[in-house]
Amino acid sequence: MTIELEQHIDPKLYTILEMVSDPEIPVLSIMDMGVVRFARIVDDKVIVKITPTYSGCPAMDVIGDDIIKAFQKENMEAKVSLVLSPAWTTDWITPRGRKALEEYGIAAPLEEEADKEALLGNKKIVKCPQCGSKNTKMISQFGSTACKALFQCENCLEPFDYFKCLK
Amino acid sequence: MEKENLVQYIYGIADNALILGQRLSELCGHGPNLETDIACTNIALDLLGQTRSYYQLAAQLSGENVTEDDIAFLRTERQYRNVLLVEQPNTHFGFVITRQFFYDVFHVLLLQELQNSENETLSAIAKKAIKEVSYHQRFSSDWIKRLGDGTEISRQKVQEAVNDLWKFTDELFHLTEDDKNMLENGVGVDVSLLKEKYYQRINEILEEATLEVPELKWFRKGGKEGIHSEHMGYLLSDLQYMQRTYPNMKW
């Protein structure tokens with residue numbers, strides 16, 4: 001199964017799924033990240049389908065295991081599989097997720113056009129999550145993980161990660 | 001359509017990503033500076049992730065006892081279908097970037113077309129991968145310009161790489177029998193049609209980088225048919241070492 005067109009989440013499973021976080025960004029639940037595409041109980045078994053942020057994201061295996069463990073605690077058996085389509089986009093990060101990112105010190109993704117301008121170094125528009133200044137510059141197009149770029153604030157001089165827009 | 005043709009076709013795309021990913025991962029901890037080191041390994045990670053998706057599909061088609069790891073680690077040299085370009089050694093950073101640039105431009109064009117494949121899994125992988133690969137192309141094109149239009153030495157080194165790797169670019173557009181078969185079935189991409197656009201883009205960036213476009217008309221091919229350059233054997237001995245030494249080992 002590679003395709004799961006619409007998101008289907010059984011509301012009863014929501015609170016359990018919310019307790020599972022992204023291992024690389026622990027403040028962010030996988031629900032706020034928007035990687036869970038399907039979660040339903042079928043024949044007493046929880047069927048969960050998740051989609052990777054990037055093809056090579058090493059967090060996916062851990063997330064899969066963590067989901068199984070979270071349901072085990074509730075005495076439920078879960079089965080996790082991966083879907084590829086439609087491809088994940090940063091638009092699926094919830095407003096609460098964006099807030100959590102900023103508080104954690106990661107600048108949330110800008111809109112597509114603005115993102116391009118920022119990454120090409122044409123405009124200073126990425127806001128430093130530490131001091132709020134937009135006087136920032138890109139250090140590297142690739143950061144600590146595939147989904148981030150490395151920036152530095154020229155006001156408070158702190159380096160920080162910027163979550164790249166993916167559409 | 002024979003399953004075996006489709007499997008071979010998938011290898012033809014996926015092996016490029018695996019071998020280029022392997023080359024880039026050799027730079028882990030050895031990049032010229034921290035940022036480029038991280039960038040190259042990030043790109044490697046994207047490529048290896050894409051490889052896994054392709055191999056999982058190939059494994060499914062190949063029968064119950066085949067896994068993605070078998071495909072990656074247990075084939076012999078002649079069973080790999082990657083182009084000669086991606087197996088070329090890192091040599092120096094100019095080569096790393098030029099090899100990447102020559103492949104990225106092709107990769108974007110290929111995935112644009114593969115999105116329309118009648119095989120829905122291939123189409124889904126292409127739609128996912130193209131977002132990542134567009135970013136790779138931006139990175140390598142930027143570096144071509146920086147090095148070409150940089151210092152005298154950086155220009156000389158990157159020009160050397162462009163001249164040396166140019167002979168491997170034509171193979172990207174060579175149609176194998178499996179390519180033709182998949183094309184007839186609406187699954188594959190006619191890579192020969194991408195050639196004009198490819199060289200147009202390459203030439204544009206090279207000119208912007210103040211580099212000379214080689215006039216070479218002699219090209220090498222063979223990788224797509226499994227006939228590789230000498231470098232491939234050394235690369236595979238590294239790549240396959242663990243599985244060959246400790247068969248069936250798992251992380």
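1. In this predicted model, the contact between the two chains draws on 24 residues from chain B and 28 residues from chain A. Together the chains bury about 2200 Å², with 59% of that area lying on carbon and sulfur atoms. On the chain B side, the residues that lose the most area to chain A are Lys128(B), Lys131(B) and Tyr135(B), which together make up 32% of what that side buries.

2. As for charged pairs, the count between chain B and chain A is one salt bridge; Asp61(A) forms a salt bridge with Arg52(B), and the closest N and O atoms of this pair stand 3.9 Å apart. Across the interface there are also eight residue pairs in polar contact, with both residues at pLDDT 80 or more.

3. Two helices of chain B, H2 (34–62) and H6 (120–148), each supply at least two residues of the side that touches chain A, and the largest share, 13 residues, comes from H6(B). By residue type, the side of chain B that touches chain A divides into ten charged, eight nonpolar and six polar residues.

4. A residue of helix H2 of chain B that deserves a separate look is Thr51(B). Thr51(B) counts as buried because its relative accessibility is 3%, under the 20% cut-off. Its side chain reaches the backbone oxygen of Leu47(B) at 2.7 Å, and, leaving aside neighbours within four places in sequence, Thr51(B) is in contact with Ala14(B), Ala17(B) and Leu18(B).

Definitions and conventions
Residues are numbered from 1 along each chain as its sequence is written. Chains are lettered from A and ligands numbered from 1 in the order in which they are written. This is a predicted model: local features need pLDDT of at least 70, side-chain atom pairs count only at pLDDT 80 or more; totals for chains, interfaces and linings use all residues. Side-chain values use heavy atoms; hydrogens and water are left out. Contact means heavy atoms within 4.5 Å. Buried area is the accessible area (1.4 Å probe) that two parts lose on being put together, summed over both. A salt bridge is a side-chain nitrogen of Lys or Arg within 4 Å of a carboxyl oxygen of Asp or Glu. A polar contact is a pair of N or O atoms within 3.5 Å; within protein, one must be able to donate a hydrogen and the other to accept it, and residues adjacent in sequence count only if both atoms are side-chain atoms. Helices (H or I, at least four residues) and strands (E, at least two) are DSSP runs, numbered from the N terminus. Ala, Val, Leu, Ile, Met, Phe, Trp, Tyr, Cys and Pro count as nonpolar, Asp, Glu, Lys and Arg as charged, and the others, Gly among them, as polar. Buried means under 20% relative accessible area, exposed over 50%, partly exposed in between (1.4 Å probe, protein chains only).
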